[in-house]
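Please review the sequence and the structure shown below. The briefing that follows is arranged by topic.

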Amino acid sequence: MPWSNQGGGPWGSGGSKGPWGQGPQSSGPTPPDLEELLRRSQDKLKSVLPGGNLGGRGVLLIVVAALLVWGFSGFFKVEPDELGAVLRFGKYTRDAQPGLNYHLPYPIETVLTPKVTRVNRIDIGMRLIEDPRRTSQQIRDIPEESLMLTGDENIVDIDVSVFWQVKVGGAKDYLFNIQNPEGTVKAVAESAMREVVGRSDIQPILTGARQSIETSVHELMQKVLDTYQAGVQVTQVQMQKVDPPAQVIESFREVQAARADLVRLQNEAETYANQKVPEAKGQASKILQDAEAYKSQTVAEATGQASRFGKVYEEYKKAPQVTRQRIYLETMERVFGGTDKIILDSGSSTQGGNNSGVVPILPLNEMVRRPATGGTQ
Amino acid sequence: MKLGIAGGVLAVLAVIAAIVGYSSLFTVYQTRLALVVRLGQPVKIVTEPGLNFKLPLIDSVIYVDKRILDLENAAAEVIASDQKRLVVDAFARYRINNALLFYQSVGTVDAANSRLSTLLNAALRRVLGEATLTHVVRDDRSALMARVREQVDREAAAFGITVVDVRIRRADLPAENSQAVFERMKSERKREATEFRAQGSQRAQEIRARADRDITVIIADAQSKGDTMRGEGEAERNRIFAEAFGKDPDFFAFYRSMQAYESGLRHSDTRMVLKPDSDFFRYFADPAGRPREDAKK
C-alpha cells in the first residue's frame, strides 16, 4: 500500500515540506521507534528473568527508573522567538510560552515550536549569496523571475523582497492549515507582483509608482493569504530594483542622454540670448547717446554762431557802412593773402572797357596744372 | 524453574496484550483525517484529531491530509484569442474535502497532483484561449483566474477535492517574442530620444531667433529715437539761426558770404585771375577811390 511507509513518525514522509519536517530546527524530541522499544524491553525481560538474581526488587527498580526517565522526557524548552504548540495524541491542546515547559511524555503528548517572531525574507528575481571570504553579500539575478510583462506589453526587470512572519494568534493556522507556508508565500508574492505590474504601464513603474506598487502587492498578498487562512502576516514588500531589462537598458540611458541634450541645447541658446541681447541694448544706448550728443552739439554750435552773429550785428548796427566795409576788406585781405593771383589790366581807362579787341593769351591749363604738381613738391 | 516458566508465559501474554492494545489504538494528527478500512471496506472517517480505537489486525487506517495542499504546475504555453502566445505558469491550492471519495478515486496526493495538473492545464488553455493577451496581462487577470478555479473545482469535485485558489504566477511572452518586444522597446526609446533632441534644437532655435529679433528691434528702435533726436537738434539749430539771422537778412547775406569766401577760397590751390578794376582795387590806381563805372557794371 502506498501509505504503508508512513508509519515512521507522525509526519514522517508527508512532512518533508512542512515547517517542522526538516533541518536542524525541527522541534520536539524525535520519538524512538516504538517497535524498537518493545523489542528492547523484551530483550531486557529475557535477560533478567532466567537469571532471577536480582529478584522482584531489582525488577521494580528498573521499572521505576524507566518510568522516571520517561517522565522527565516531557520537559522541553521554548526559545524566546518561538511559541510551543502541544499536541495530545495528535490533537492541538494548548500553547506553551517561552521558557521551560512540560508536556506529558511521548507518545501521549508532543510539541511543536515554530519561530513565530522571526521575520522571514523571500527574494524574487534575485538571491543573496553569502560569500564566506568577504563579509559582503553578492546578488545573483534570476531573470526568469524578475522579468515581467507590463500592461502596455513592455518588459521590466524588478527585484522584490517580501518580509513576513507568523501572524499574531495565527500559529495554529500556520502549523495545521497549510502544507507549505513558505512556498505559498513565495508563489503568492510572485503572482501578486505580476498582477500589479501587469495592470500598469512601464513608464510609471520605472519612474514614480514604486510606493503604490509596493502597497498594492502588499495588500493583494495579504488578502490571498488570508483566504488560505495561512496564518501569515506580510510585514513589508520592498522593491529592490526596478529597471528596464538589460537588453534595452542602453536605449533607456540614451533617452536620458537625449533629455540632457535637450536641456543643454536650450541652455546654450539661452546663453546666446543672454549675451547678445544685453550687448544690443548697450549698442542701442550708445546710438541714443550719440544722437543726444549730436543734438546738443548742433544746438550748442548754432547757439554759438548765432550769438557770434548777434555780437557782430550789434556792432554793425552802430556803424553799418564802416563795419561792412571793414569786414569786406579784412575778409578780402585774408582771402587774397593766401592765393595766387594774376591781375589783368584791361588797358587805358579812357578807352572804355576791354573792348579793345586785344586778348592776352593765358596758358590756363598749364597754370592750373602747375600748382597741382607744385602741391606735391 | 516453575516460577521461570510461569514468568515466561506471563511475559509472552503481556507482550501479546501490548501488541493487541497498541494495534487497536491509533492517533489522528491535527493535520489529518483518518479513514478506517475494515478488510477493504471503509467503515468510518475520523475528522477529530486525537486518540481513537479500531479493531486490531482487521481494521487498517488510511490518513489523508486535510491541510491546504500545493499544486505547482509547470509552465505551459497558451495561445490567447488574438493568436499571441503566452507562457503561463500557474499554481493551485486545494483541500481534500471528501476523504473517502479521494481515497477511492485517486488515492494519494501525488496521484491527485498529476490529475489536477492535467485539469488545470486544460482549464487554463480553455479560459485564456478565449481572452486576448491584454486581458490576460492587464485587464482581467483576476476574473480569468477565478474562472479557471471554478472550472477546475467543478471537475476536481469527482476526486473529493475543493480547489481553494488558482493563481497565475507568471504570464510572460515566449523567449523569441520577448526578443521582439525588446526590439520594439529599443525602437520606441530611440524615437523618444530623437524627439527629445529635435525638441531641444527647436527650442534652441526659437530662443536664438527671438533673441535676434529682439536685438534687431532694439537697435532699430534706438536708431529711430536717435534720428528723431538728431532731427530735433537740427530743427533747433535752424530755429536759432532763423531767429538770429532774421534780424537783418541783408547783413546776414553779406556776413555769411564773407565767411564763405574765407573758408572757400583760402587755400593755396586757388588761383585767381583778377581785373584791377574790381571794388577791391578801388584805390589801386586812384587814391580818391571813386568807384569805377566799369566795375559797377
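**Strand β6 of chain B**

Helices (H or I, at least four residues) and strands (E, at least two) are DSSP runs, numbered from the N terminus.

This is a predicted model, in which local features need pLDDT of at least 70 and side-chain atom pairs count only at pLDDT 80 or more, whereas totals for chains, interfaces and linings use all residues. Residues are numbered from 1 along each chain as its sequence is written, while chains are lettered from A and ligands numbered from 1 in the order in which they are written.

**Strand pairing in chain B**

- Strand β6(B) runs antiparallel to strand β8 (residues 85-96) of chain B, and 4 bridges join them; two strands pair if DSSP finds at least two bridges between them.
- The bridge partner of B:L69 in β8(B) is B:Y94.

**A sheet in chain A**

- Chain A has an open sheet of 3 strands in the order β3-β2-β5, with antiparallel pairing.
- Its edge strands are β3 (91-96) and β5 (109-112) of chain A, each of which pairs on one side only.
- Neighbouring strands of this sheet are turned by 30° against each other on average, direction ignored.
- Strand β2 (residues 84-88) of chain A pairs with β3(A) in the antiparallel sense over 5 bridges.
- A:V86 has A:R94 as its bridge partner in β3(A).

**Two helices of chain A**

- The axes of helix α5 (residues 181-199) and helix α7 (residues 210-227) of chain A come within 9 Å and cross at roughly 135°; axes are lines fitted to C-alpha atoms, for helices over the stretch in contact, and angles run from 0 to 180 degrees between N-to-C directions.
- α5(A) and α7(A) are therefore oblique to each other, the class left when angles under 35 degrees count as roughly parallel, over 145 as roughly antiparallel and 65 to 115 as roughly perpendicular.

**Contact between the chains**

- The contact takes 101 residues from chain A and 102 residues from chain B; two residues are in contact if their C-beta atoms, placed from the backbone, lie within 7 Å.
- Helix α8 (residues 249-318) of chain A gives the largest share of the side of chain A that touches chain B, 38 residues.
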